[in-house]
Amino acid sequence: MSHNTFGHLFRITTWGESHGAAIGCVVDGCPPGLAIDAQAIQAFLDKRKPGQSRFTTQRREPDEVEILSGVFTNDAGVLVSTGAPISLMIRNLDQRSKDYGAIASAYRPGHADYTYDAKYGIRDYRGGGRSSARETAARVAAGAIARLIIPGMTVRGALVQLGPHKIDRSRWDWAQVNENPLFCPDPGAVEPWMAYLDGIRKAGSSCGAVVEVVADGVPAGLGAPLYGKLDADLASAMMSINAVKAVEIGDGMAVAALTGEENADEMRSGPEGKPVFLANHAGGILGGISSGQPMVCRFAVKPTSSILTPRRTIDKTGAETDIVTKGRHDPCVGIRAVPVGEAMMAIVLADHVLRHRGQCGS
């Protein structure tokens with residue numbers, strides 16, 4: 001299976017399967033001398049790990065990261081990157097492969113079962129193998145390292161829609177995001193969302209979601225036209241996340257309903273000759289290059305394909321059958337996609353910072 005690497009100068013290669021011994025990643029291109037804090041990496045992994053509430057899969061994985069290479073304790077006693085590849089490993093400790101015996105020969109509708117079989121002639125039906133969202137834990141670990149490359153930058157994500165229910169943006173409060181199990185920035189939406197998701201979960205069904213990720217402190221000038229556009233790489237990164245079916249930058253699809261006057265992000269002179277933008281319809285990217293404004297990206301996550309409701313399908317022989325997927329599954333995979341989206345944005349920005357230095361020298 002090829003194409004397990006993402007990035008150009010800052011490159012991540014993930015490995016492992018849902019029910020294998022471990023998953024992990026190799027981070028290549030990390031500059032030397034960066035302080036690598038295993039506890040800081042763990043903090044991001046803890047946001048994503050399963051079993052933290054009734055709204056996520058009850059698979060119990062501690063997701064403890066092990067740093068295997070690419071670091072050294074310097075003379076000051078600080079663990080720092082050496083410039084060599086950094087290898088990170090997360091052991092799988094709570095597999096229940098027997099839960100998937102009933103689907104060993106049948107394809108789950110909406111899942112990658114059939115396409116993996118069509119491409120490779122073999123598929124790991126135990127939790128989806130390589131197609132499982134379990135792989136995203138490795139991305140979150142890599143994203144923690146990527147954040148170190150841009151001092152002063154913050155990357156934050158939130159769930160802005162659960163099923164058909166959207167937040168009230170007038171109540172947006174970043175401080176609320178880590179205070180509830182749904183990463184919701186609207187305190188008025190949390191309880192209704194919980195009630196809705198409880199109904200979905202008890203019915204054995206699932207729902208989709210929309211995640212919004214915002215990067216503040218991004219310097220102007222990142223990105224390379226025409227085929228290295230920052231928004232193109234960002235869209236590619238988000239679309240690579242399991243179950244993501246659509247990506248928007250800035251106002252996204254809504255710009256089609258705007259006039260030129262409404263869409264223009266007008267400017268006025270600011271400190272040190274830098275512009276002050278009066279709007280941010282472009283989401284911080286103009287012509288594929290960062291403008292210095294907050295970078296805003298949203299992506300839509302489809303409903304979990306593994307559900308208890310019987311669905312019509314076929315098996316490997318082509319025989320028609322019905323399928324029910326038992327086991328432990330997220331009623332909404334969009335919830336745990338929030339830290340994954342943050343990580344992928346950080347990885348894209350780290351890569352573009354290094355690419356910018358390579359061409360422009362600063």
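Met1 counts as exposed because its relative accessibility is 52% (exposed means over 50%, buried under 20%, partly exposed in between, with a 1.4 Å probe and protein chains only). This is a predicted model, where local features need pLDDT of at least 70, side-chain atom pairs count only at pLDDT 80 or more, and totals for chains, interfaces and linings use all residues. Residues are numbered from 1 along each chain as its sequence is written, and side-chain values use heavy atoms, without hydrogens and water.

Met1 sits in the segment before strand E1 (5-6). Strands (E, at least two residues) and helices (H or I, at least four) are DSSP runs, numbered from the N terminus. With Tyr120 and Ile122, Met1 forms a nonpolar surface patch of about 330 Å² accessible area together.

Now to the sheet. Five strands form an open sheet in the order E9-E8-E10-E16-E11, with antiparallel pairing. Strands pair if DSSP finds at least two bridges between them. E9 (165-166) and E11 (244-249) are the edges: each has a single partner strand, so one side of each lacks a neighbour in the sheet.

Look next at E16. Six of its seven residues are buried, so E16 is largely enclosed by the rest of the structure. Seven bridges join E16 (residues 295-301) to E10 (residues 209-216). Val214 has Val296 as its bridge partner in E16, and Val210 stands opposite Ala300. Five bridges join E16 to E11, again antiparallel. Here Ala246 stands opposite Ala300.

Helix H5 (residues 230-239) lies across E10, E11 and E16. H5 runs at about 155 degrees to E11; axes are lines fitted to C-alpha atoms, for helices over the stretch in contact (heavy atoms within 4.5 Å), and angles run from 0 to 180 degrees between N-to-C directions.

Terms used
Patches are made of residues with over 30% relative accessible area and no salt bridge: like charges are joined within 9 Å, nonpolar side chains (Val, Leu, Ile, Met, Phe, Trp, Tyr) within 5 Å. Accessible areas come from the Shrake-Rupley method with a 1.4 Å probe; for residues, only the protein chains shown count as cover. A salt bridge is a side-chain nitrogen of Lys or Arg within 4 Å of a carboxyl oxygen of Asp or Glu.
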